[in-house]
Amino acid sequence: MLNKSWNSTYQKWLNRPKRLKHHKPPLHQGAFNFNPQYDAGMWKEDDGFSIVLKMLVGDSWKWIKHQYQCPDVPTQWVKGSPRVQVQNGSLWIVFPLEKYVPATGGIKGIMAKSTFRTCGIDMDLDKFIVIASILETNDRGETTEVARHFINQSRHVARRKRNLGNIAIKMGKTGIISRGFAKKAWDSLSAVEIEYSRAVSRELVELANHWRANVISFEHLGNLRPKRGKYSRRSNQKRAYWLKGKIYEQVKRIAYQDYAILTTRVSPMNTSRLTPWGEPVWRGCKFPSSPTEFDSYRPGAALVATVDGYKAHSGLNAARNVALKAIKRHLSEVMLHQKSLQQ
């Protein structure tokens, strides 16, 4: 096909008008980036170790058997039509994997059942990257908390800050701030962030599956912007915000693909300022010992409390509100039992 294409172009060049006589003749392509896809009817007899592909040899099509090695494919996955890929001078046979996922009926259908569970997620930038609260709700709207989970990111944040600081020091010494500077350090930093997002997402999905959650609810944080400040501080915030979005994308894909768990997002309005019953909270670094010690709301503090005796971690309180917001979209009357929240 490539020779025929070149010949057609060459014939056009021979018959070109006089005003284009100085143009050079077309040349054969020196390198090919060609990864053919073998659809149904172009391959057969795949037994996991060998496959027969239909290939053009000279002027005729022939069936040619190829040997290959690959890990065992789980029983719930099915191999699709292969693709031959050229990579680093070697030929690879790539199979897409397909899996049947039963229909869930959507979140509205799930929350119409007699009992379902919702996993609310709050994501912080400092100590805990994920704080999860799993709520169980019946058809009367009665809700109880059955589990909670914290994922610490202190070591990851410290490592990121150290690497960003080293890059900033190099930039300060050389005076170079341009694209491509310290490429190896940047690539290593990006690889660590991607791998950590996958690890956190997998842990979160396995938690939801272990407690038989039907829906995972996140906050919709699409307008986060890093604050002005030092280069390393601003870069740390940019990557922290990127990590939040990446975890949501990974959880959404893994949860549905592996366990048919649906994922949704809700508005973050007042998830940290109100209790699950809609009362304003006090927020600080230490629980007050008397009602007179309740002070104004302090953003970023780790603890929340009310005069009525409700006490909780600020992230856990937000995770409960995130889960309840997802539930209240489909159930008009929802009441969270306070006894199930006792530490």
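This is a predicted model: local features need pLDDT of at least 70, side-chain atom pairs count only at pLDDT 80 or more; totals for chains, interfaces and linings use all residues.
Start with the whole chain. The protein has 343 residues, and 36% of them are buried. Its secondary structure comes to six helices and 16 strands. Take the contacts with a separation of 6 or more: 57% of them join residues 24 or more positions apart. The accessible surface is about 21900 Å². Carbon and sulfur atoms hold 53% of that surface.

Which residues have the most contacts inside the largest nonpolar core? They are Ile121, Ile129, Val130, Leu204, Ile216 and Phe218, in a core of 25 residues. In soluble globular proteins, nonpolar side chains tend to be buried together.

Look at Ile121 in detail. Leave aside its neighbours within four places in sequence. Its contacts then include Val130, Ile131 and Ala132. Leu204 is on the list too, as are Ile216, Ser217, Phe218 and Glu219. Ala319 and Val322 complete the set.

There is also a second, separate core. That one has 18 residues, among them Met111, Val281, Val304 and Leu336.

On to helix H6, residues 314-328. Is H6 largely enclosed or open? Of its 15 residues, 13 are buried, so the rest of the structure largely encloses this helix. At 1.5 Å a residue, H6 should span 21 Å, and its end C-alpha atoms are 21 Å apart, which agrees.

Next, the hairpin. Strands S5 (residues 83-87) and S6 (residues 90-94) pair antiparallel over five bridges. Gln85 has Trp92 in S6 as its bridge partner. Two residues lie between the strands. In that turn, Asn88 has a positive phi of about 55°.

Three strands form an open sheet in the order S1-S2-S3, with antiparallel pairing. What happens at the edges? S1 (43-44) and S3 (60-67) each have a single partner strand, so one side of each is left without a neighbour in the sheet. S1 is joined to S2 (residues 50-57) by two bridges, and these strands run antiparallel. Within this pairing, look for Lys44: it stands opposite Val52 in S2.

Methods
Residues are numbered from 1 along each chain as its sequence is written. Side-chain values use heavy atoms; hydrogens and water are left out. Helices (H or I, at least four residues) and strands (E, at least two) are DSSP runs, numbered from the N terminus. The expected span of a helix is 1.5 Å times one less than its number of residues. Buried means under 20% relative accessible area, exposed over 50%, partly exposed in between (1.4 Å probe, protein chains only). A nonpolar core is a set of buried Ala, Val, Leu, Ile, Met, Phe, Trp, Tyr and Cys residues joined through side-chain atoms within 4.5 Å. Contact means heavy atoms within 4.5 Å. Two strands pair if DSSP finds at least two bridges between them. Accessible areas come from the Shrake-Rupley method with a 1.4 Å probe; for residues, only the protein chains shown count as cover.
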